[in-house]
Every structure is written in C-alpha cells, then in structure tokens.
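This is a short walk through one protein model.

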Amino acid sequence: MKKWTGCDDAIVGLGHRCGCDTVVVYDYDKLVDVFIQQGMKEDESVEWIDFNILGAWIGEDTPIVLMENYDEH
C-alpha cells in the first residue's frame, strides 16, 4: 500500500473498493495537524494538502482522504 511520507499519525484505517487493492485512509484534519507539527502554518498546511495530496494521483492504490466536516474545506 502506498502511504504519504511522514503522515502516519493521520492514518485512520484502510479502504476497500471492488476490483482494487486496499488503500490507506487518512483523516484530513489530522493531516493538517501533522504538517503544522512539521512547521507549517495552518493555511500553508491546508494549501499543501489540497494541492499535493488531494490533487495527486499515484495509481489505483492512491490513498484516500476522509473529510468528516467537508463543508468547512
């Protein structure tokens, strides 16, 4: 399974899709916290995630990001 480097603290589980490999599932808000802990400001963290993680396709086993409060993002 592919994982985002340095983001293990934001993993909340695994996801399954018919006909595809199991993928890692990250929590969006926890990802924000991970990047803040790495030295980014909150707005920088959100921008980084939105562009570099949500905007990335690295194959059928690209990790999934769970957004519990989608209206806020």
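Which residues form a negative surface patch? In this predicted model, the patch is made up of Asp29, Asp33, Glu42, Asp43, Glu44, Glu47, Asp50 and Glu68. Two elements each give two or more residues to the patch: helix H1, which runs over 28–37, and helix H2, which runs over 42–53. Of the contributors, H2 gives the most, with five residues.

Asp29 is found in helix H1, and its relative accessible area is 31%. Asp29 is therefore partly exposed, because that class lies between the buried limit of 20% and the exposed limit of 50%. The value also bears on the patch itself, because a patch residue must have over 30% relative accessible area and no salt bridge.

The next topic is the salt bridges. How many salt bridges does the structure hold? There are two. One of them joins Lys2 and Asp61, with 3.2 Å between the closest N and O atoms. Lys2 lies in the segment before strand E1 (11–15), while Asp61 lies in the loop between H2 and E3, so this pair ties together parts that are 59 residues apart in sequence.

Asp61 has a relative accessible area of 18% and is buried, because buried means under 20%.

The other salt bridge is formed by Lys3 and Asp8, whose closest N and O atoms are 3.3 Å apart. Lys3 is partly exposed, with a relative accessible area of 44%. Asp8 also counts as partly exposed, at 43% relative accessibility.

Where is Gly59 found? Gly59 sits in the loop between H2 and strand E3, the strand that covers 64–66. Gly59 and Asp8 are 51 residues apart in sequence, and their C-alpha atoms are 20 Å apart in space.

To go back over the main points, the negative patch takes in residues such as Asp29 and Glu68, and H2 gives the most to it. The structure holds two salt bridges, one between Lys2 and Asp61 and one between Lys3 and Asp8.

Key: Residues numbered from 1 in each chain as written. Predicted model: local features only at pLDDT ≥ 70, side-chain atom pairs only at ≥ 80, totals over all residues. Heavy atoms only, no water. Patch = residues over 30% accessible without salt bridge, like charges linked within 9 Å, V, L, I, M, F, W, Y side chains within 5 Å. Areas by Shrake-Rupley, 256 points an atom, 1.4 Å probe, with all protein chains shown as cover. Salt bridge = Lys/Arg side-chain N within 4 Å of Asp/Glu carboxyl O. Lys, Arg positive; Asp, Glu negative; His and termini not counted. Charge placed at Lys NZ, Arg CZ, Asp CG, Glu CD. Helix = DSSP H or I, 4+ residues; strand = E, 2+ residues; numbered from the N terminus. Buried < 20%, exposed > 50% of the residue type's maximum accessible area, 1.4 Å probe, protein only.
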